[in-house]
Amino acid sequence: MNLRARVLIGNVAIGTLAVFVSGVMAWESAQDLADQNKAGIILAAFHQELKLNGNFGAERGAWGQALQAENAATPDDLAKVQKITAETDGYMQAAIEQSRIAGLSLTALEAAQNALKSLRATSLTALAKAKAERPDNALSANVDSFVTVVNQVNQATNQAYRALGLAAPNLSSAAGLALLAQEMRNVNGMRSSNLGIYARNAPFSPERLNSATEQTGQVALLWKMLQQEVKSQDEPPKLKEAIQHVRSTLMDEGEKRFQSVLQAARAGQPSPEKWGTWTTQTLNNVFVLRDSAIENAQDINGLSRADAKLRLTLSVGVLLTALLLIGAVLRVMSRKVIRPLTDLTKLMTRLAEHDLAVEITGAERADEIGSMAKAMQILRDNSLRADTLAEEQKRDRETREKRAKMLEEMARGFDTEVSGVLDGVTEALTATRAHRRRHERYIPAYHHPSRHGGRRLARGFAQCADGRLGRRGTVRLHRRNRSASGPIQPSVASRRRRGASNQHIGAKPRLDLDPHRRRGQPDQQYRQPDQLAGVERHHRGGAGR
């Protein structure tokens with residue numbers, strides 16, 4: 001794997017990590033937004049179920065008043081009841097539809113709807129008759145049937161509450177407060193129904209009295225829980241105002257009236273309160289707290305969705321920015337680092353192959369790549385100088401070799417020439433010596449009183465020895481010498497023939513010009529020195545020529 005691939009893989013890995021983190025953030029934001037949207041849908045279904053549950057009290061009160069009439073229900077009475085039932089049916093359909101959208105189970109709601117239809121059919125049958133003809137338990141049966149319907153709707157509400165807590169845990173507190181307020185309304189409604197039976201002088205069993213007593217305790221407990229829940233949510237202005245309204249209307253005034261009826265029922269005394277529409281109005285004050293809690297939950301859900309949208313937008317922006325930055329970094333790295341490094345690698349490869357004609361680029365940069373390019377440029381220049389020096393040394397070596405070869409050839413030629421010359425000189429010298437030996441017998445030893453005449457004879461003898469006089473000149477020279485100094489002494493050749501000693505063989509003749517020496521001794525020749533020196537010089541000149 002080359003350097004370019006490694007750098008690209010490293011940058012891609014880092015970029016992938018950044019993209020992965022940004023993608024995870026975006027995915028979490030999108031998931032949170034989806035959960036908040038789903039929580040908003042579930043909250044809407046939860047709110048519809050609470051409204052449905054809250055409307056049962058009004059319908060139960062309408063049926064109770066109609067069943068207490070002495071005569072059969074008039075069309076106006078039936079119209080009032082049908083108006084309330086139409087409102088309940090509207091809430092029921094809205095709750096079922098919203099639950100279907102939220103993906104909640106419809107079993108409890110459908111069961112409540114069927115039970116409600118059965119209850120209404122039974123109650124309508126009773127209203128068609130006079131009070132004397134109705135069953136004694138018509139009112140209590142109606143109340144018990146509503147308890148069953150309310151319990152079934154409570155199951156659907158609790159299911160929606162659990163789903164809401166799973167989708168958006170931050171909505172659990174606000175939705176729990178609304179659920180507690182609705183629970184308080186349901187308990188108060190059942191207690192009001194039981195006490196209403198007693199207040200209307202209907203048969204009131206001890207079991208209903210005990211139920212009313214237990215329900216009163218439940219109301220007190222639920223009230224404490226509502227107050228604590230509002231405090232735990234830092235008492236928002238809406239909730240604080242709503243809890244104060246419930247305290248002043250329901251708990252301070254309404255609770256006293258309900259407890260006075262309960263005490264009369266325990267004592268077996270007539271009801272001190274006339275049962276009527278005031279009970280429903282008093283109990284419905286808790287809806288202010290319930291609706292405020294729902295509004296608070298909706299506000300929290302809206303803020304959560306806005307926050308999730310913002311985080312999603314930021315995450316997507318970060319993701320896109322990361323992708324753009326990765327692309328830009330890869331492009332910059334490719335152009336500013338990877339490509340110059342690749343070019344430098346190619347240049348180094350060409351320099352390694354001794355391609356010194358390569359052009360080094362990037363030396364003007366102020367970073368490490370520029371330093372590398374400058375170093376390569378120095379290396380190339382040094383290589384060029386080294387090649388130039390090597391070429392000069394090669395030329396010098398070739399020149400020396402040519403010179404040495406030429407000198408060797410000249411020496412061989414000179415040796416040949418000198419050998420030829422020496423051979424010629426040797427032959428000439430040999431010939432000269434032979435010629436001299438032939439003519440030495442004619443060279444006399446004489447004494448002449450005149451120095452000038454002796455020199456002339458010496459020059460003549462030298463010319464005779466060199467063969468320049470010829471036969472006629474030699475004869476004249478002998479005659480001149482004979483007439484000047486007497487007879488010629490015997491030559492070396494004649495003495496050699498007569499058996500002279502070895503020390504005289506080849507000895508150079510000399511002229512002895514001393515007049516006091518005895519002439520004609522057999523072992524010594526007398527020649528003049530000047531004549532002998534001239535003869536020798538003449539011999540040397542002939543050998544040189």
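**Helices, surface patches and loop geometry in a predicted model**

Methionine 25 lies in helix H1, where helices (H or I, at least four residues) and strands (E, at least two) are DSSP runs numbered from the N terminus. The structure is a predicted model, in which local features need pLDDT of at least 70 and side-chain atom pairs count only at pLDDT 80 or more, whereas totals for chains, interfaces and linings use all residues. Residues are numbered from 1 along each chain as its sequence is written, and side-chain values use heavy atoms, with hydrogens and water left out.

With a relative accessible area of 41%, methionine 25 is partly exposed, a class that falls between buried (under 20% relative accessible area) and exposed (over 50%), as judged with a 1.4 Å probe and protein chains only. Together with Leu17, Phe20 and Val21, Met25 makes a nonpolar surface patch of about 400 Å². Patches are made of residues with over 30% relative accessible area and no salt bridge, with like charges joined within 9 Å and nonpolar side chains (Val, Leu, Ile, Met, Phe, Trp, Tyr) within 5 Å. A salt bridge is a side-chain nitrogen of Lys or Arg within 4 Å of a carboxyl oxygen of Asp or Glu, and accessible areas come from the Shrake-Rupley method with a 1.4 Å probe, for which, in the case of residues, only the protein chains shown count as cover.

Helix H1, which spans residues 3-67, also holds alanine 58, a residue that counts as partly exposed because its relative accessibility is 22%. Leaving aside neighbours within four places in sequence, alanine 58 is in contact with Ile84, Arg185 and Thr280, contact meaning heavy atoms within 4.5 Å. The C-alpha atoms of alanine 58 and threonine 88 are separated by 9.0 Å, although these two residues stand 30 residues apart along the chain.

For the protein as a whole, 14 helices and 0 strands are found. Of its 545 residues, 39% are buried, and the protein exposes about 31,100 Å², of which carbon and sulfur atoms supply 54%. Among contacts between residues at least 6 apart in sequence, 75% join residues at least 24 apart.

A negative patch is formed by Glu391, Glu392, Asp396, Glu398 and Glu401, and glutamate 398, which lies in helix H10 (residues 368-439), is partly exposed with a relative accessible area of 35%.

The loop between helix H6 (206-232) and helix H7 (237-267) contains aspartate 234, whose phi is near 65°, a positive value in a residue other than glycine. Glutamate 235 is likewise found in the loop between H6 and H7, and its phi, near 50°, is again a positive value in a residue other than glycine. Aspartate 234 is exposed, with a relative accessible area of 69%, whereas glutamate 235, at 35% relative accessibility, counts as partly exposed.

Definitions and conventions. Lys and Arg count as positive and Asp and Glu as negative; His and the chain ends are not counted. The place of a charge is taken as NZ of Lys, CZ of Arg, CG of Asp or CD of Glu.
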